[in-house]
2 protein chains.
Amino acid sequence: MSTPAEAAPVAAPLVAVDVAVFTVIDRRLAVLVVEVRHGPFAGWWALPGGRVGPAESLDDAAARELREQTGVGDIYLEQLYTFGSPERDPQGHVVSVAYVALIDHAGRFAEPGRAGSKYGGVAWRPVTALPALAYDHAAVVRTAVARLRSKLEYTNLVYTLLGRSFTLGELQEKYEAVLGRRLDRRNFRKKMLATGLLRGLGRVRRGPHRPAALYTFRRRRPMVISIL
Amino acid sequence: MSTPAEAAPVAAPLVAVDVAVFTVIDRRLAVLVVEVRHGPFAGWWALPGGRVGPAESLDDAAARELREQTGVGDIYLEQLYTFGSPERDPQGHVVSVAYVALIDHAGRFAEPGRAGSKYGGVAWRPVTALPALAYDHAAVVRTAVARLRSKLEYTNLVYTLLGRSFTLGELQEKYEAVLGRRLDRRNFRKKMLATGLLRGLGRVRRGPHRPAALYTFRRRRPMVISIL
DNA sequence: CCAAAAGTGTTATGCTTACACCCATGC
DNA sequence: GCATGGGTGTAAGCATAACACTTTTGG
């Protein structure tokens with residue numbers, strides 16, 4: 001939400017942050033949206049966000065707004081792009097620094113429902129079936145998805161979408177959801193194992209079908225390393 | 001320059017733009033710096049920049065500040081990153097949207113000299129021998145160089161560093177200056193010609209040595225296409 | 001026993017890299 | 001004639017992409 005509190009018609013631009021949080025639900029890439037409570041966009045969906053405080057860094061502001069509006073914390077956040085068209089907010093000139101975040105949703109906001117109580121509805125929406133978004137947030141999501149697709153191919157960022165242990169099938173599922181295309185299973189395994197990023201746990205996940213070996217990431221922090 | 005005019009000790013952050021303009025001079029990557037006139041950094045060098053106007057877009061502000069302070073216009077500009085640490089400007093919280101620009105210098109500011117008269121000194125400085133820069137502008141330049149190096153490898157952006165006609169040797173020289181390493185001449189020619197981006201002019205540049213065939217870019221606008 | 005996911009190797013192709021010699025010119 | 005950059009091809013190694021069958025389990 002890029003809602004200026006006191007923007008006069010002609011005033012210096014205000015600074016806000018907006019956060020596009022992504023996760024994979026049901027093999028589809030989904031983004032977290034919140035309900036706008038006030039102003040011309042009341043009732044619309046928007047990305048969580050808001051004004052940057054007087055002595056606050058941009059990264060801190062993004063993390064704070066996200067936590068306050070959705071309860072989501074301890075999450076991978078990366079600056080995306082800054083949107084500053086004077087027309088992007090009908091209430092005044094708000095320059096918004098957009099962030100991308102990634103999370104293993106693990107059942108948060110169990111499907112399209114309410115959660116943030118105090119702050120209006122919160123929901124995951126598949127990026128392929130987005131509702132109309134307030135402000136220029138549709139453009140923010142487009143830019144964010146493009147960034148994610150390209151970064152997944154040259155970093156180890158997938159780890160943010162997974163729990164501590166996972167099967168190679170689950171790993172591939174995350175890639176396919178973000179990239180929006182199917183990958184060859186044999187080639188995928190070969191390359192992932194060749195990166196040396198994974199460590200086999202020697203355990204197995206049981207389920208409805210043949211049990212699958214469990215893996216974990218050796219290091220859970222962002223690294224630049226060619227993967228696909 | 002990220003100089004707030006009226007920042008109170010605790011106030012909403014102000015919005016500025018800073019521009020890192022690059023060119024290749026003498027086979028070295030150089031960045032355009034201006035002399036700071038006022039404030040705690042008076043006498044230091046800094047990137048050109050300044051406050052964003054009330055109803056001005058960020059792109060417009062970057063182009064305007066660059067033109068006003070250095071006389072440089074009609075240039076490739078791309079948003080880089082937004083720097084917002086509360087400590088980056090000792091005079092107050094200024095969020096600065098940094099831009100990268102590229103230009104064929106063609107003798108502008110003939111070597112370390114003065115030019116912007118009204119706005120203090122203007123000079124090209126090799127990125128390998130930068131003076132101390134005001135604010136966090138050293139970090140901006142580092143980030144910008146990293147971006148340039150990576151973008152040169154998957155776009156046709158070199159064209160911004162060259163005039164309308166050029167030899168393959170000159171083209172390679174620009175790549176080597178930005179990337180900071182030598183390239184194999186035969187492989188470079190093969191790949192560049194294979195991209196289909198170039199058109200031979202059927203003319204030749206005469207000089208102190210064997211004449212070289214002249215080429216031009218078929219299209220002088222930014223495109224994403226794997227090159228090196 | 002059936003459905004569904006797990007697991008596994010080989011081959012062809014294209015791309016990348018390394019590398020050396022002659023040519024044309026101005027001085 | 002010499003110094004300097006222009007111009008050209010090939011071979012080896014590597015990474016990528018395409019492709020099918022067997023295994024294990026739960027239901």
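This is a predicted model: local features need pLDDT of at least 70, side-chain atom pairs count only at pLDDT 80 or more; totals for chains, interfaces and linings use all residues.
User: What is the volume of the largest cavity?
Analyst: On a 1 Å grid over the protein atoms alone, a cavity is a set of points where a 1.4 Å probe fits but cannot get out; grid points are joined across faces, edges and corners, and a volume is the space filled by probe spheres set on the points. A search of the whole structure finds 1 cavity of 30 Å³ or more. The largest cavity has a volume of about 30 Å³.

User: Which element gives the largest share of the lining of the largest cavity?
Analyst: Residues are numbered from 1 along each chain as its sequence is written, and chains are lettered from A and ligands numbered from 1 in the order in which they are written. The lining (residues with an atom within 4 Å of a point) includes Tyr76(A), Val100(A), Arg147(A) and Leu157(A). β5, β6 and α2 of chain A each supply at least two residues; helices (H or I, at least four residues) and strands (E, at least two) are DSSP runs, numbered from the N terminus. The largest share, 3 residues, comes from α2(A).

User: How many charged residues line the largest cavity?
Analyst: Asp, Glu, Lys and Arg count as charged; Ala, Val, Leu, Ile, Met, Phe, Trp, Tyr, Cys and Pro as nonpolar; the others, Gly among them, as polar. The lining of the largest cavity has 5 nonpolar residues and no polar ones. Its charged residues number 3.

User: Is Thr155(A) buried or exposed?
Analyst: Thr155(A) sits in the loop between α2 and β8 (166-167) of chain A. Its relative accessible area is 3%. Buried means under 20%, exposed over 50%, and partly exposed in between (1.4 Å probe, protein chains only). Because its area is 3%, Thr155(A) is buried.

User: What is the volume of the largest pocket?
Analyst: A pocket is an open set of points with protein on both sides within 12 Å along at least five of seven lines. The largest pocket is lined by 25 residues, and Arg147(A), Glu78(B), Arg147(B), Lys151(B) and Tyr154(B) lie nearest its centre. The volume is about 1100 Å³.

User: Which element gives the most to the lining of the second largest pocket?
Analyst: The second largest pocket has a volume of about 620 Å³. Its 21 lining residues divide into 6 nonpolar, 5 polar and 10 charged. The most, 6 residues, comes from α3(B).

User: How far is a polar side-chain atom of Arg185(A) from a base nitrogen of DNA strand C?
Analyst: Among the 21 residues around DNA strand C, Arg185(A) is one of those that come nearest (near means a heavy atom within 4 Å). A polar contact is a pair of N or O atoms within 3.5 Å; within protein, one must be able to donate a hydrogen and the other to accept it, and residues adjacent in sequence count only if both atoms are side-chain atoms. For Arg185(A) and a base nitrogen, the distance is 2.3 Å.

User: Which residue has a side-chain N or O atom 2.3 Å from a base nitrogen of DNA strand D?
Analyst: The closest residues to DNA strand D are Pro208(A), Arg210(A), Arg185(B), Lys190(B) and Ala213(B). Pro208(A) places a backbone N or O atom 2.7 Å from a sugar or linking oxygen. The side chain of Asp184(A) comes to 3.5 Å from a base nitrogen. At 2.3 Å from a base nitrogen is the side chain of Arg185(B).

Definitions and conventions
Side-chain values use heavy atoms; hydrogens and water are left out.
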